[in-house]
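Here is a friendly walk through one structure, with a look at its charged pairs, one of its helices and its core. Have the model open as you read.

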Amino acid sequence: MKTGQAIRAFLNLYVVEIRRYVAETRVYLSGYVSSLITTAIVVALFVMSAKDGNDPSVWIGFLYWSSASTMVSEASVSISSDKQNGTFTQLMIRPTSMLEQITVKTLSWALVSIAVDAVFVIALFKLIGAEIGFSWMVMPVSLLVAVGVFGLTMAMASLTILFTKTASFMDTIGYAMMFLGGVIVPLNELPVPLRLAGQLIPITKGIEMSRSAILGKPLSAADWLGLSVQSLVFFTLGYLTFIVVIRHGRKNGINMRY
């Protein structure tokens with residue numbers, strides 16, 4: 001019974017968040033559309049200048065990047081907005097745990113955003129005449145990547161709780177993932193320090209495996225094991241960081257200045 005109640009409570013919270021995001025999107029529609037157009041210009045410039053239009057796997061890297069950036073940034077931006085509006089304290093005293101609220105916020109917007117991004121990226125690549133390939137192996141790869149990215153989401157959300165202004169760096173983090181994740185420049189063409197940094201990002205291995213699958217190359221057991229371990233490490237570190245920060249905040253107070 002308790003499990004059923006917990007599931008219903010989670011679903012109710014999820015529905016509320018979906019409705020809130022739909023309402024916010026309507027209010028800030030011009031800004032959202034402007035952001036999509038800016039992203040379209042950036043992506044089109046990279047694809048056309050690099051002459052990657054004949055590679056049917058290139059599109060998946062941009063989809064991973066866009067989706068991962070949304071997952072990592074959304075919770076931090078939401079917490080930052082709550083602090084700015086003076087409503088963050090209400091989140092802390094809700095009967096629902098802060099971790100569950102962060103999970104719902106991330107999932108609700110990420111699922112909507114990923115669906116929009118998938119249509120957007122595919123339409124954009126069709127518009128510029130670039131090839132688009134697909135493999136069903138991309139699905140399990142993307143789920144594993146999402147586990148690791150959610151760990152990074154929890155870590156960034158906890159830092160926003162602690163330092164408030166972390167959300168200001170979300171664009172920087174997003175474009176760093178594009179550069180270091182092998183989205184626009186193959187990882188083996190980067191200097192060694194940047195290559196090593198790129199290999200630590202959850203989406204890098206996922207993009208590499210997904211592009212290989214789309215091109216018909218087999219994925220080895222070592223590939224799956226490496227991605228699984230990396231995602232689990234990121235998830236665990238993100239969870240532990242979040243728990244430590246929340247406990248610190250409840251014990252010593254949270255900086256509510258914005």
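## Salt bridges

A salt bridge here is a side-chain nitrogen of Lys or Arg within 4 Å of a carboxyl oxygen of Asp or Glu. By this rule the count comes to 3 salt bridges. This is a predicted model, in which local features need pLDDT of at least 70 and side-chain atom pairs count only at pLDDT 80 or more, while totals for chains, interfaces and linings use all residues. Residues are numbered from 1 along each chain as its sequence is written, and side-chain values use heavy atoms, with hydrogens and water left out.

Start with lysine 205, whose side chain meets that of glutamate 208 at 3.7 Å, N to O. Both residues lie in helix H9, 3 residues apart, about one turn of the helix; helices are DSSP runs (H or I, at least four residues), numbered from the N terminus. Lysine 205 also forms a salt bridge with aspartate 223, at 3.0 Å from N to O. That pair links distant parts of the chain, with lysine 205 in helix H9 and aspartate 223 in helix H10, 18 residues apart.

Arginine 211 pairs with aspartate 55, their closest N and O atoms being 2.7 Å apart. Because arginine 211 lies in helix H9 and aspartate 55 in the loop between H2 and H3, the pair ties together parts that are 156 residues apart in sequence.

## Buried or exposed

Buried means under 20% relative accessible area, exposed over 50%, and partly exposed in between (1.4 Å probe, protein chains only). Aspartate 223, at 17%, is buried, and aspartate 55 counts as buried at 19%. Arginine 211 is partly exposed at 22%, as is glutamate 208 at 44%.

## Helix H9

H9 has 13 residues and reaches 19 Å from its first C-alpha to its last, close to the expected 18 Å (1.5 Å times one less than its number of residues). Since 10 of its 13 residues are buried, H9 is largely enclosed by the rest of the structure. Among the buried ones are Pro202, Ile203, Gly206 and Met209. Just after H9, glycine 216 takes a positive phi of about 85°.

## The nonpolar core

A nonpolar core is a set of buried Ala, Val, Leu, Ile, Met, Phe, Trp, Tyr and Cys residues joined through side-chain atoms within 4.5 Å. The largest one has 48 residues, and Phe62, Phe125, Ile203 and Phe242 have the most contacts inside it. Helix H3 gives the most to this core, with 12 residues.

Conventions
Helix = DSSP H or I, 4+ residues; strand = E, 2+ residues; numbered from the N terminus.
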